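Hi there,

Here is the structure I promised to pass along. Have a look at it first, and my notes follow below.

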Amino acid sequence: MLKDAYQPAEIEPVIVCRGERFRLYLDEPTILHRVQELGEAISRDYPDEPPILIGVLNGAFIFLADLMRYITVDCEVDFLKLSSYGAAKVSSGRVYELKKIDADIRNRHVIVVEDIVDTGLSMEYILNRLKAYEPKSLRVATLLHKYEATRVDLPLDYVGFRVPNLFVIGYGLDYGQLGRNLRSIYILDEACTDGDDQAKGSK
Ligand code: IMP
Ligand code: MG
């Protein structure tokens, strides 16, 4: 029945998004295997009190949905939203809050769930905002870490994959709002860029 009808999606090795070529970087089974490991680690670390996962919209919604289902202890969820890159591929470094959390996190265990830490400025801003509510503990789970680009010292407690300083899309991550629905993660094909990324992002 349903089980028999299920067909794994075909994985394209190269895709084009908004006219730019991206190549397969992390396929769906690889991502899910790692997300499961992170879920298991979180389950071990919070045996007594349910943590609140705070997803950073929009990019983290798919990672959060999978991560949460691999967590086997009680947990809650809430969301916040920051200003975005627009259609640029390089972080502007300017951040502001578009949607605040609804949950009361005072004296609660909090895990911020992000799709990617790039410069780290968004996460630094988020952690500073959330600290003001005096949570019992504050940790970070990020699927990807562009470690060469990170400019601030951050406590990244759960990291899925360390990735090079190149633009990635898929599994929630977008390029100008497109690409989030790709089941795998794709990386900008360097051989096909014109070296003009910095200009595009620094407006
Ligand atoms: P940061 O403030 O520079 O660390 O940027 C973090 C945010 O920028 C992430 O939450 C993403 O939404 C977005 N971002 C950074 N790098 C990428 C990327 O390679 N692809 C898609 N979005 C990205
Ligand atoms: Mg994001």
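**What I found**

The buried residues of helix α2 are covered by several elements, including β2 (20-26), α3 (61-69), β6 (109-117), β7 (137-145), β8 (158-162) and β10 (185-188). Please keep in mind that this is a predicted model.

Helix α2 itself runs over residues 28-45, which makes 18 residues. From its first C-alpha to its last, α2 reaches 26 Å, close to the 26 Å expected at 1.5 Å a residue. The residues of α2 that are buried are Glu28, Ile31, Val35, Leu38, Gly39, Ala41, Ile42 and Ser43. As a reminder when you look at that list, an α-helix has 3.6 residues a turn, so residues three or four places apart point the same way.

One residue of helix α3 is worth a look as well: Asp66. Is Asp66 buried or exposed? Asp66 counts as buried because its relative accessibility is 14%, and the cut-off for buried is under 20%. If its neighbours within four places in sequence are left aside, Asp66 is in contact with Leu32, Val35 and Tyr171. Val35 is also among the buried residues of α2.

Now to the ligand, which I expect you will want to open next. There are 16 residues around ligand 1, and Glu114, Thr119, Gly120, Ser122 and Val168 come nearest.

- Thr119, at 2.5 Å
- Glu114, at 2.7 Å
- Asp115, at 3.0 Å

On its own, ligand 1 has 490 Å² of accessible area, and the protein covers 91% of that. Which elements each supply at least two residues of the shell? They are β6 and α4 (121-131), and β6 gives the most, with four residues. By type, the shell around ligand 1 divides into seven nonpolar, four polar and five charged residues.

Finally, the chain as a whole. The protein chain has five helices and ten strands. Of its 203 residues, 45% are buried. Counting contacts between residues at least 6 apart in sequence, 69% join residues at least 24 apart. The chain exposes about 10,900 Å², with carbon and sulfur atoms supplying 49% of that area.

Best wishes

Key: Residues numbered from 1 in each chain as written. Chains lettered and ligands numbered in written order. Predicted model: local features only at pLDDT ≥ 70, side-chain atom pairs only at ≥ 80, totals over all residues. Heavy atoms only, no water. Expected span 1.5 Å × (residues − 1). Buried < 20%, exposed > 50% of the residue type's maximum accessible area, 1.4 Å probe, protein only. Contact = heavy atoms within 4.5 Å. Near = heavy atom within 4 Å. Polar contact = N/O pair within 3.5 Å; in protein donor to acceptor, adjacent residues only side chain to side chain. Areas by Shrake-Rupley, 256 points an atom, 1.4 Å probe, with all protein chains shown as cover. Nonpolar A, V, L, I, M, F, W, Y, C, P; charged D, E, K, R; others polar.
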